[in-house]
Structure formats: C-alpha cells, structure tokens
Amino acid sequence: MLFQKKRERFRENLVTAFEVPRDLACRETIVTLTGHKQAVIENYRNIIKFTEEEIVISTYSGKLAILGKKLEILWYTAEEMTIEGCISRIISDF
Amino acid sequence: MRKFLPLLKGIVKIRICNGQSERFFNLCMARGMALWDLTEDSDGSFSCLLSVEDFFRLGPVRRKTKVHIHILEKHGLPFFFVKNRKRKAFFAGILCCGILLFLLSGRIWNIHIEGNRINSTPEILKFLDDQGISHGIRKNQVSCSAIASQIREEYPETAWVSAKVKGTRLIITVKEGKYQTDVSKDKNIPCSLCAEKSGRIIKMVTRAGVPLKKTGDTCKTGEILVQGRLELKNDDQEIFRYEYVHADADIYIKRKLPYYAELPVEYEKEVPLQKEKKGCFLKVGNLYLEWGETTQKGWKRLLEEYPLRLTENFVLPVSAGTITLTQYEKKKIIRKKEDAKTEAFRLLQEYEKNLMEKGVQISANNVKIEVDHKTCISSGTLEIIEKIGKEVPVEQLELSKERTTENG
C-alpha cells in the first residue's frame, strides 16, 4: 500500500515536471459543459445507469452522475459521449 | 455531415426493451458499434439509431444481454431503392442522367478568352467558329497548339497566345502588343523618302541617305527629300560607285490646312415627352413573338435584348427582351448668335483634337466664325506641323564603262 502511494506520488511529480496534460497521463475524465443543455464527457469507461433523469457513468477514477430532465445520449464512442437535455447537477463520486 | 453519411448506407431506428439495457450499450460501444440519439421512452424502453451494417452485428450482444429489439423506422438509400424498385422509369432517368453527364463532360461548353483588348471576344469567337472550334465540340478534336498558331496568324498584333483545356472549358489567353519582326527585313530594302504633302521644312534630321533639301526649303508633293542612293567619288571627284541604302530621316513640315464648316442656325430637334409605353418580346430562332403596342409616328422604339446563355460565351438562339416606346415631338430651334458661335468653336476644337491625336501639332489658328441669318460658317486655315516622309523605291543607276576606275 505504501509502495503504491509512493508510485502515485512519483507519477504526479513526473506529470507536473514534464507538463503533460493530466487527461493523457492519468486518463482523467474531462467534462465540457455548454450552457445547461449539453455536456461532452471524454475518457470514460462505461454506462452504469441511463434514465431520462439520471445518467451514471463509470470513469477511471470513480463514478460520474449527471442529473437533469429529458436527458438523452446524442452519440457515444469508446472515448467520448455527448449528452443533451436539461442538466441540473453533475456529481463526481470517488 | 455526421447524420448525412450513414444515410447513404442506411440507418434503422430500434427499440430496446427488457434485459440489461446498460450492458447492451456498453457492449455495443466496446465492439465499435455506433449508437446515436439514445433516449429513454416513457415505458422504460430505449430507442436509438444505428447503421444497417451494425444492426446485423447485434446478434451476439442481444443474446448476452437478453434484450428485445424492435425495428421502428428504416431510413437511407438502400431502403429507398427497395421501396421504389417497381418505379423503373425513375431509375432509368437517373441512369440516363448519369450517361448524359458522362458523355457531355467530354465536350467543350465554355470558350473563355482573356487578355484581348484590340480584338474583341465575339470577333475571336467567330474566327474560331470558322475554324470549326465552337461550343459543343469534342475535347479530343481540340488541338490547343493549332488554335494558338491560327490565332497568331490571323491577328498579327498578337504577341503570344496560349490555349488550354480545363474540364469542359477552353481557356485562350491572348497577349497583344507590337509585333516587329519584319522591321529589320524592310530596313535592308533600299529606298528614298519623298514628300507626300507640300509645305516648308522646319526640321530635318537625316540618319541614312543624302538629304536633297534643308531646313527652311519648301517641298512639293512627290518631291524626293532624302535620296537613298549614295554617290561614292574618287580623288578626282568622279563617281566610281553607287551605294544604295534605306533612307531614314525625321522631316517636319509646316503647312496650311484649310478648314470649312457650316452649321445651320435653324434646326429640328426631337424633344422627348413624358409618355412611355412598355412591351416585351420573345425570340426563339426565327420565331418572334411580341406583346405591346405597335410603333406609331412620333414614337421612338427602344429594344433591349437579353440572350439566354448556357455559359459565359455560349449563347442559345433564344432571347427575351423589353420594348420601350417613348413619345417625342419635333421642335424647330433657332440658335442664338452666341450659341451658334460656341457650337462652331466646339466643332473646331474637336477637329483640332482629332488632328493632335494623329501626332499633328497646331502652330496657328486662322479660322474665323461668322454668323448670318441662316448659317454659321467657320472658315479659314490652320497652320500645322506634321511629320512626312514616304518611302519610295530608289532608281538604280549604272555607271558608264568609261567612267570606271579600271579604264581610268
């Protein structure tokens, strides 16, 4: 466990030192919100739950919940997903 | 574009119900099957769009996730063809259109001429038409180098011509300029310079030949001014040989040019009235159809024709146009003395301007303008300075045998 923490810290320092974007180095999720109508999610794993009011997505660092009304997935690929609807909340759960 | 491209291959709208829907979406994503417009319906089922190609790959995913799939809608080109397979004429039309497009693309439909100023585009087009190069000609019948050389031969003021075929266009680029290849050839021919007009020489610069006149002399029409025959003399001042040259000189003479112009004091002028009538016409080949009133006395008729063009210079024998009839009245106008003089002076100035454009200088103006009760007469002379010197063949003389140096 200690060894794993050390390795994590080493990677963090390396990323900071070389100024590598975190989404590339640590596969961190990017959420781009345009107004309250559209959200683009990059670097996600899969869909856990999909209803009109809630979309729960599994990411590499935890879960991401998008809450709203009349939500729909406009299109999605293995890397990117576009959600449209009336988005009210985005909850990130580690 | 994202929605248009799949339509070419066909898309289906499906409903997914029962089973593990989320797992179904994840498996589709993992297998590279694109789903879009994914929505949840009110009964808990999902509907989405996917391509026909991906639809046929859904089998294993469906079995794993135990979902039920219903096709709701079918869109795209493959479904359109299947639906309209009985409409043979429609497909025959599309095929004909494609064949026509293929056949017609092998012909020239636009002849574009650029860079021409002296020779107008219709003039060059007419020449090309006479040579068999017209709109609709097959591309393989067009020889660009032959066209270029034909244009160069026909229009000597053309410096260079380039012709190229681009798509269904024939682009001809012309560059016009002074073409001076024959000058050196002409300069070798012996000649003398003679006066084509009578006058007093005021300036003479001889570059080649023997001047027979000098500044201040008067010359008459046809008189030799610069002789192209040089007499070579020996020490005894006897001519032993004739040398023939191309006489070259700048000779300026001053002469009087008579001027006479009559201007009537009383004349008729057509004064337009404010009445106008409009009409139109249609011309198809020799067929002419006209709508509107016929021309009557006291009405002027103005036609504006708009030919139908397929391309820039490809004019079809179909044209339409407008007819404007304008009423006018003939009025007798009597010029005032000052007006008549001003008009006569304006005409004189115009005449002088035309002369100056030809390279003639005007040194004095002795024109008097007089007005009587009927006409305004401008008469007198203009003193002009102009360049003369007409090339005439030089007379070839032979020396008598006694005078040759060999016989002493």
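Predicted model: local features only at pLDDT ≥ 70, side-chain atom pairs only at ≥ 80, totals over all residues.

Trainee: How many residues of chain B are in contact with chain A?

Mentor: There are 11 residues of chain B in contact with 14 residues of chain A, where contact means that the C-beta atoms, placed from the backbone, lie within 7 Å. On the chain B side, two or more residues each come from α2 (21–30) and β2 (35–40), and β2(B) provides the largest share, 6 residues. Helices (H or I, at least four residues) and strands (E, at least two) are DSSP runs, numbered from the N terminus.

Trainee: And in which sense do β5 of chain A and β2(B) pair?

Mentor: Strand β5 (residues 62–76) of chain A pairs with β2(B) in the antiparallel sense, over 3 bridges; pairing requires that DSSP finds at least two bridges between the strands. Within β2(B), B:Trp36 stands opposite A:Trp75.

Trainee: Which residues touch the most other members of the largest nonpolar core?

Mentor: They are A:Ile66, A:Ile83, B:Phe25 and B:Leu35, in a core of 29 residues, to which β5(A) gives the most, with 5 residues. A nonpolar core is a set of buried Ala, Val, Leu, Ile, Met, Phe, Trp, Tyr and Cys residues joined through C-beta atoms within 7 Å, and buried means that 20 or more other C-beta atoms lie within 10 Å of the residue's own, again placed from the backbone.

Trainee: Switching to chain B, what is the strand order in its open sheet of 4 strands?

Mentor: The order is β10-β12-β8-β22, with antiparallel pairing. Because β10 (210–211) and β22 (390–393) of chain B stand at the edges with a single partner strand each, one side of each is left without a neighbour in the sheet. Two strands of chain B, β10(B) and β12 (residues 224–227), are joined by 2 bridges, and B:Pro211 has B:Val226 as its bridge partner.

Trainee: What about helix α6 of chain B, how many of its residues are buried?

Mentor: The count is 0 among its 17 residues, so to speak hardly covered. Helix α6 (residues 88–104) of chain B reaches 24 Å from its first C-alpha to its last, close to the 24 Å expected at 1.5 Å a residue, the expected span being 1.5 Å times one less than the number of residues.

Terms used. Residues numbered from 1 in each chain as written. Chains lettered and ligands numbered in written order. Contact = placed C-beta atoms within 7 Å. Buried ≥ 20, exposed ≤ 12 C-beta atoms within 10 Å, placed from the backbone.
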